[in-house]
Amino acid sequence: MSEPKAPTPAPGDTYKGWLFKWTNYIKGYQRRWFVLSNGLLSYYRTQAEMGHTCRGTINLATANIAVEDSCNFVISNGGTQTYHLKASSEVERQRWITALELAKAKAFRMQAESDDSGDDSTPPAAGQGAGSRNSEVQSTLRTLGSKVEDLSTCNDLIAKHGSALQRSLSELEGVRLGGETSEKIRQVTERATLFRITSNAMINACRDFLALAQTHSKRWQKALQAEREQRVRLEETLEQLAKQHNHLERAFRGATVLPASQSNPAIDSKGPVSGKGDASDEDEENEFFDACEDVQEFITVPADPKYHRRSGSNVSGISSELGMDDGTTSLDEQSLASNPESPQSQELVPVRKRRTRIPDKPNYSLNLWSIMKNCIGKELSKIPMPVNFNEPLSMLQRLSEDLEYYELLDRAAKCQSSLEQMCYVAAFTVSSYSTTVHRTGKPFNPLLGETFELDRVQESGYRSLCEQVSHHPPAAAHHAISERGWTLRQEIALASKFRGKYLSIMPLGSIHCIFEKSTNHYTWKKVTTTVHNIIVGKLWIDQSGEIDVVNHKTGDRCHLKFAPYSYFSRDVARKVTGVVTDKDGKAHYVLSGTWDEKMEYSRVMQSSRGGENGADGRQKTVYQTLKAKELWRKTPLPEGAENMYYFSTLALTLNELEEGVAPTDSRRRPDQRLMEQGRWEEANAEKQRLEEKQRTVRREREREANRAASPSEEGKESADGALIEDSISDSPLKCGHQDNYKSMWFEQLVDPVTGEPTHIYKGGYWEAKEQGNWDSCPDIF
């Protein structure tokens, strides 16, 4: 890879480039990508990591920069951070030293100004803050202008006195003196000449600086003001983030603890520190699971070519065994191509044109202090979280996004082989995570009784319904049915663990997929979602864990493994691997890919024990497979998605207003609608109103339940109601109380397959929509 030539650094510019950083005595110097910006020197393993993972940052305002030799230099803040760096050449090292010194000087000046401004005991009023900053900037610029004028005057004096000195020395040369005196005069003349050359160079540089300063003074004035405002905002935000971290940590210590089998003790472990420099690059990435190189549980190798060549009476038997992997198109794919009902062969014209854009996300800065100062003395569970953390979709709509790649289930419904069908179902389970890779915004927590319908019968052949069936603990039921012969249902509740730097979200509940033609019934559970850099840094999301997709009719099973991101792994990020086995445990397909891009499958021709030993000392299984074929590939995001919360094409249409939907539908939620329109202040006010209305309705429901259960204890309900009131819809704490509420469209039953209590669609919604009869729906908005 060719390296672009780094530009000559200029004051205030961002400087980037490759340097070699000392890591430890085993690996020595490793190539890292360094970025110098705003007085901070940060580094990454690759340029691609700049979007989500910073390996370390050092503040140059308090740092010491020392040169060791022609290419090596050291940066240390006098504490725990010391970077031993090496440039590719002496010229490149000097460029970095120049850029670092300029950035250090600028950072030091900014810090000094901050200290001076911190001495003022009386802060400016809200209306005078901007004026105060502007007057201070103007005063600074006037002082700089005065100093530049003094410098110009000194230049003129140096030129004048230098010329006079030269004339005097020339006159001395004409005087006839002794030999020793003449030699002394000659030496003085040479030194005066050198002084004149140096003075002229300085005068020219000062003249150029003066011209440059006069040309760019206005731009520097704006840049200085912007830098100062940004520094103030960052200081306030970091201070409040630290306070929020402490509050949340104390609160979560008392939260419900999951079983030990679901926790990972490696998360809180601290790695060793290397003997030279800081260990942030190799050892301080504790938020990543410490995965070793032995991530894969098996090894795949190309099968012997003999499996591709069969003749005589053996042809039919082998072709039926190979299915769609023998180098030809499978019978199921041929039937899909010739079937007039197939989505691949018939272009369905949508009834209505769906929208392709929503208003761009406003660039609102979040001041956490404005949140915290209004919540002093309140319980954490009563702190209303603003919509600044959200995206303009509800959790019900986010759940409906699992159907983004419904075509996989359409294809699975056409399969003749249950093992082949399992491959498509497994790819569908992975595809549901592809929309989350950039979606760091939190969806709105649905109100109790809130619903969301997704009717795509005429466009895609399916329709689905979601309902929030419980508020404490929060749970949503989902039911989707397709004219192509499949049904999907699930009930999802969320549990979470907060570990300071990251938040882990564990979906609880099973997902069911039933195919009408084969009556195959599949179940699986979701993996853990981890949101990193909660307190400081850019948020990024990872999916990790294992999924077992089980066919309860045939006993077939697919074991999928979502590899957590690890700094030490050489595998691709977001990797997913899996093996499809029959009821006897024989492997038939190997799946591989990533949850954010694509999945492929390979037919297993032979398996054996061998290869490298795994982490537990056991030998890996070696699968001989045919050439991999693509099962699923992610559809690119629409143009401008980064300004629209990174919504997919389907997500952009979910909150589009439609006629005839239930009054409880998420599209009708006013705070969510206001946020989508960019009116966040109004959305926050409306959100608080809805939450208070929900608490009031719940207290009334509790009173009626208490009166019906024990009329003599009616006086106790006010205290009980106060206890139940603590948690709001967006609270991180859950009191664990089961809502005394019966859902409109789902009923709680014991699942005959899993034996778990779950909410199953009882019917009636689509009939009520056809009749326009929503009289029984609650008033939640």
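Let's start with helix 8 and helix 9, residues 407-414 and 418-431: their axes come within 8 Å and cross at roughly 170°. The axes here are lines fitted to C-alpha atoms over the stretch in contact, with angles running from 0 to 180 degrees between N-to-C directions. So helix 8 is roughly antiparallel to helix 9, a label used for angles over 145 degrees. Helices, by the way, are DSSP runs of H or I with at least four residues, strands are E runs of at least two, and both are numbered from the N terminus.

Before going on: this is a predicted model, where local features need pLDDT of at least 70 and side-chain atom pairs count only at pLDDT 80 or more, while totals for chains, interfaces and linings use all residues. Residues are numbered from 1 along each chain as its sequence is written, and side-chain values use heavy atoms, with hydrogens and water left out.

Back to the pair. Which residues of helix 8 make the contact? Leu408, Leu409, Arg411, Ala412 and Ala413, and they meet Gln421, Tyr424, Val425, Ala427, Phe428 and Ser431 of helix 9. Contact means heavy atoms within 4.5 Å. By class that's eight nonpolar, two polar and one charged; nonpolar is Ala, Val, Leu, Ile, Met, Phe, Trp, Tyr, Cys and Pro, charged is Asp, Glu, Lys and Arg, and the others, Gly among them, are polar.

Now look at Glu401, in the loop between helix 7 (395-400) and helix 8. Buried or exposed? Glu401 is buried, at a relative accessible area of 2%, where buried means under 20% with a 1.4 Å probe, counting protein chains only. Leaving out residues up to four places away in sequence, Glu401 touches Leu393, Thr435, Arg439, Ser648, Leu650, Ala651 and Leu654. Its C-alpha atom is also 7.2 Å from that of Ser432, 31 residues apart along the chain.

Over to the strands. Strand 1, residues 15-24, has eight of its ten residues buried. Nine bridges tie it to strand 2 (residues 28-37), running antiparallel, and a hairpin of three residues joins the two. Asn24 stands opposite Gly28 there. Strand 1 also has two bridges to strand 7 (residues 82-86), again antiparallel, with Phe20 opposite Lys86. Pairing takes at least two DSSP bridges.

Zooming out, the chain has 15 helices and 27 strands, and 45% of its 781 residues are buried. Of the contacts with a separation of 6 or more, 60% link residues 24 or more positions apart.

Conventions
Buried < 20%, exposed > 50% of the residue type's maximum accessible area, 1.4 Å probe, protein only. Parallel < 35°, antiparallel > 145°, perpendicular 65-115°, else oblique.
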